[in-house]
Amino acid sequence: MRKVFLIVLLISMITTACTSATEAVETQIPPISTSTHVPPSSASTPEANSVIPTVTDSVAASATPLPSDDFFTQAGITLPLPTCNALTQPQTEGPYYTPNSPEKHSFLEAGLTGTRLILVGYVLDQKCQPLPKAWLDFWQADANGEYDNVGYRLRGHQFTDVQGRYYLETILPGLYSSRPIEHIHVKVRPEGGAEVTSQLYFPGRPVEGLTVTIEDRGDHLVGYFNFVVQK
Ligand code: FE
């Protein structure tokens, strides 16, 4: 009987020792921290280093557009009085135009990242008169230089308001391999007039007569450009 008790006691002691040893080993393994792990690739992206925020959260911006008076007031934008420049020069349509775009004043949507840009201006005739109800159709690449050739991401048309003004909330387009210069494509057609196809450029790589004037607002840019068309 005593022999049996000693055997049971011995087994119990061995089991306890093994369990303790296992716990000791487990507690020596440092926990894997996920919160401090930053992949080198994302740490070096322009977005990570830029002070300009992404627009991922700006989903509401592409909902019902504001009346233009309200938009300009809320955005704190006063358009300079229109000056009479030469007619807007036509440029090639390029290979990525998709007709029948939806009516939009904002290209911002969930998942879209880049430098926010509000593009504003007038559509004028050659006598410098603002043209209400002029049709504008914009299309552009995303920040990575990619076009949506299936749907209408970063594509949309609109009409100028009673003062001949347009406004578009978007992002700066990126470069793509065959066009090493940032640009936004546009078609403009005054009511009852002829359509002009052209492109807008930016001060870093300007094109005479087609370069947007940029105002840096810190967390976004405002770009000014007036179109002058034959009516
Ligand atoms: Fe293009």
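The link of Cys84 and Cys128 is left-handed, with -135 degrees about the S-S bond, and it is a disulfide, meaning a pair of cysteine sulfur atoms within 2.5 Å. The S to S distance between Cys84 and Cys128 is 2.3 Å, and the structure holds 1 disulfide. Cys84 lies in the loop between helix H4 (68–75) and strand E1 (116–125), while Cys128 lies in the loop between E1 and strand E2 (135–140), so the bond ties together parts that are 44 residues apart in sequence. Helices (H or I, at least four residues) and strands (E, at least two) are DSSP runs numbered from the N terminus. Cys84 is exposed, with a relative accessible area of 51%, whereas Cys128 is buried at 12%; here buried means under 20% relative accessible area, exposed over 50%, and partly exposed in between, with a 1.4 Å probe and protein chains only.

The model is predicted, so local features need pLDDT of at least 70 and side-chain atom pairs count only at pLDDT 80 or more, while totals for chains, interfaces and linings use all residues. Residues are numbered from 1 along each chain as its sequence is written, and side-chain values use heavy atoms, with hydrogens and water left out.

The iron ion has as its protein donors Tyr147 (OH), Tyr176 (OH), His183 (NE2) and His185 (NE2), which lie 2.0 to 2.2 Å from it. Donors are N, O and S atoms within 2.8 Å of the metal (3.2 Å for Na, K and Ca), and because water is not among the atoms, sites may look incomplete. Along the chain the donors of the iron ion follow the spacing Y-x28-Y-x6-H-x1-H, and both His183 and His185 are buried. The arrangement is irregular because the 4 donor atoms subtend angles of 93 to 153 degrees around the iron ion. Four donors count as tetrahedral if all angles lie between 85 and 135 degrees; four count as square planar and six as octahedral if opposite donors are over 155 degrees apart and all others between 65 and 115, and anything else is irregular.

Turning to charged side chains, a salt bridge is a side-chain nitrogen of Lys or Arg within 4 Å of a carboxyl oxygen of Asp or Glu, and by this rule the count comes to 9 salt bridges. One of them joins Asp69 to Arg165, with the closest N and O atoms 2.6 Å apart. Asp69 lies in helix H4 and Arg165 in strand E4 (residues 165–171), so this pair ties together parts that are 96 residues apart in sequence. Asp69 is partly exposed at 45% relative accessible area, whereas Arg165 is buried at 10%.

Another salt bridge brings together the side chains of Arg205 and Glu182 (2.8 Å, N to O). Arg205 lies in the loop between strand E6 (196–200) and E7, and Glu182 in the loop between E4 and strand E5 (184–189), so that the pair links distant parts of the chain, 23 residues apart. Arg205 is partly exposed, with a relative accessible area of 36%.

Glu195 and Lys187 also meet through their side chains in a salt bridge (3.5 Å, N to O). Salt bridges that share partners join Glu93, Lys187, Arg189 and Glu195 into one network. Within it, Lys187 counts as buried at 4% relative accessibility, whereas Glu195 is partly exposed at 38%.
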